[in-house]
Amino acid sequence: MTSQSRSELIAKLNGMIHDCLKEYVHPDKPLAILDFPDIRNCGDSAIWLGEMAYLKSHFKKRPDYVSRISDFSPDELKRRVPTGPIFIHGGGNFGDIWVKHQDFRESIMERFPDRQIIQFPQSIHYNSAERIEQTARTIGRHRNFVLLVRDEESKEFSEKHFDCTVRLCPDMAFAIGPLPDRATQISVLAMLREDAERVGNTDRKIPSDIPVEDWITESKRKVDIAKKLGVASAYLALKPSEVALRRLDAAAHNRFERGISQISRARAIVTDRLHVHICSLLLNRPHAVLDNSYGKIRRFMNAFSGGTALSYKATSLDDGIAWARQQANQSRGV
């Protein structure tokens, strides 16, 4: 895959994102984005920064109200965004694996029945029929919910179970655009999940010369410093109304930079994280892809980002490592 074809892929996906979202964002209307991902996972920060980049590039807008689940204030939302759409942060937590986020999402629909609510692109997965029915009832009562999904299976599922507008849309992280190249330090890096979406519980047998990492380890002190600097920047710019947004933005930038620095060290990568796949495309890094526990990555690749020379759908961890070694050696001219 050449650099030009990578740029064409990213441009194509950004065009699809705009086609899905353009009718829901208005230059003269305020908007809110809820469920900011103040968590260690760099992928969620990549999504957030893509959401911000999209609003800036197409509408020169910033959200007028943002919140995490923990500090959400319905009164503050009504004051800051009395009209206009309410967006909910995208990702892979629509369903019953990450229940806290689903509970919050449904509570927003219940609390704001007369406001248009747009769900940024999500992957859908449920284990419980009862929870599917609960979500369906909540969406059915709301009547003005727009659900953007990241794969065909999620689209088919949502159209079957939910009475709302459903659209297929690429992940918002692509709105960040191509990232500049960085110098490599190691040959192959294994970036593998250690959370609820990990496949299997057996020990992974990985050669000792390949580092095995995840990107959910962070320095809380560095993130806290970034947040304080973000707050200071709002006051220095005489924009106290942006204190909360700049504080959270700074945390997202810190986490994203940590993740990009981590994966860019390698000439080739093996991963079962969707956003390591996406960020590897943005970085122009070859990477072998394994799936998560419910097929999220393959589903996304089948819909949008598969079939390129940069990514390889590995049949096993050993297969992925062998392919990544070959790519790393080729990049060194071995």
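Author: The crossing of α4 and α5 is left-handed. This is a predicted model, and in it helix α4 covers residues 99–111 while helix α5 covers residues 129–142. Two packed helices are described by the angle between their axes and the distance between the axes. Here the two axes come within 9 Å and cross at roughly 25 degrees. That angle makes α4 roughly parallel to α5, because angles under 35 degrees count as roughly parallel. On the α4 side, the residues that meet the partner helix are Val99, Gln102, Asp103, Glu106, Met109 and Glu110. On the α5 side they are Arg131, Gln134, Thr135, Thr138, Ile139, Arg141 and His142.

Helix α2 runs over residues 42–59, and at 1.5 Å a residue its 18 residues should span 26 Å; the end C-alpha atoms are 26 Å apart, which agrees. Of those 18 residues, 14 are buried, so α2 is largely enclosed by the rest of the structure. Its N-terminal end is capped by Asn41, which places a side-chain oxygen 2.8 Å from the backbone nitrogen of Gly43. After α2 comes Lys60, with a positive phi near 50 degrees.

Most residues other than glycine have a negative phi, and most peptide bonds are trans. Asp35 sits in the loop between β1 (32–34) and α2, and its phi is positive, near 70 degrees. Asp35 is buried, with a relative accessible area of 2%. Asn284 also has a positive phi, of about 70 degrees, although it is not a glycine. It belongs to the loop between α9 (274–283) and β11 (287–289). With a relative accessible area of 26%, Asn284 is partly exposed.

Asp272 counts as buried, at 4% relative accessibility. Its side chain reaches the backbone nitrogen of Arg193 at 2.8 Å. Setting aside neighbours within four places in sequence, the contacts of Asp272 include Met191, Leu192, Arg204, Leu290, Asp291, Asn292 and Ile297.

From there, let us turn to strand β8 (residues 186–191), where Val188 is placed. Val188 counts as buried, at 2% relative accessibility. Leaving out neighbours within four places in sequence, Val188 is in contact with Ile210, Pro211, Ala266, Ala268, Val270, Ala324, Arg325 and Ala328. Asn329 is 141 residues away from Val188 in sequence, yet their C-alpha atoms are 9.6 Å apart in space.

To place these parts in the whole chain, its secondary structure comes to eleven helices and twelve strands. Of its 334 residues, 55% count as buried. Among contacts between residues at least 6 apart in sequence, 75% join residues at least 24 apart.

Key:
Residues are numbered from 1 along each chain as its sequence is written. This is a predicted model: local features need pLDDT of at least 70, side-chain atom pairs count only at pLDDT 80 or more; totals for chains, interfaces and linings use all residues. Side-chain values use heavy atoms; hydrogens and water are left out. Helices (H or I, at least four residues) and strands (E, at least two) are DSSP runs, numbered from the N terminus. The expected span of a helix is 1.5 Å times one less than its number of residues. Buried means under 20% relative accessible area, exposed over 50%, partly exposed in between (1.4 Å probe, protein chains only). A polar contact is a pair of N or O atoms within 3.5 Å; within protein, one must be able to donate a hydrogen and the other to accept it, and residues adjacent in sequence count only if both atoms are side-chain atoms. Axes are lines fitted to C-alpha atoms, for helices over the stretch in contact, and angles run from 0 to 180 degrees between N-to-C directions. Angles under 35 degrees count as roughly parallel, over 145 as roughly antiparallel, 65 to 115 as roughly perpendicular and the rest as oblique. A crossing is left-handed if the near helix is turned anticlockwise from the far one by less than a right angle, and right-handed if clockwise. Contact means heavy atoms within 4.5 Å.
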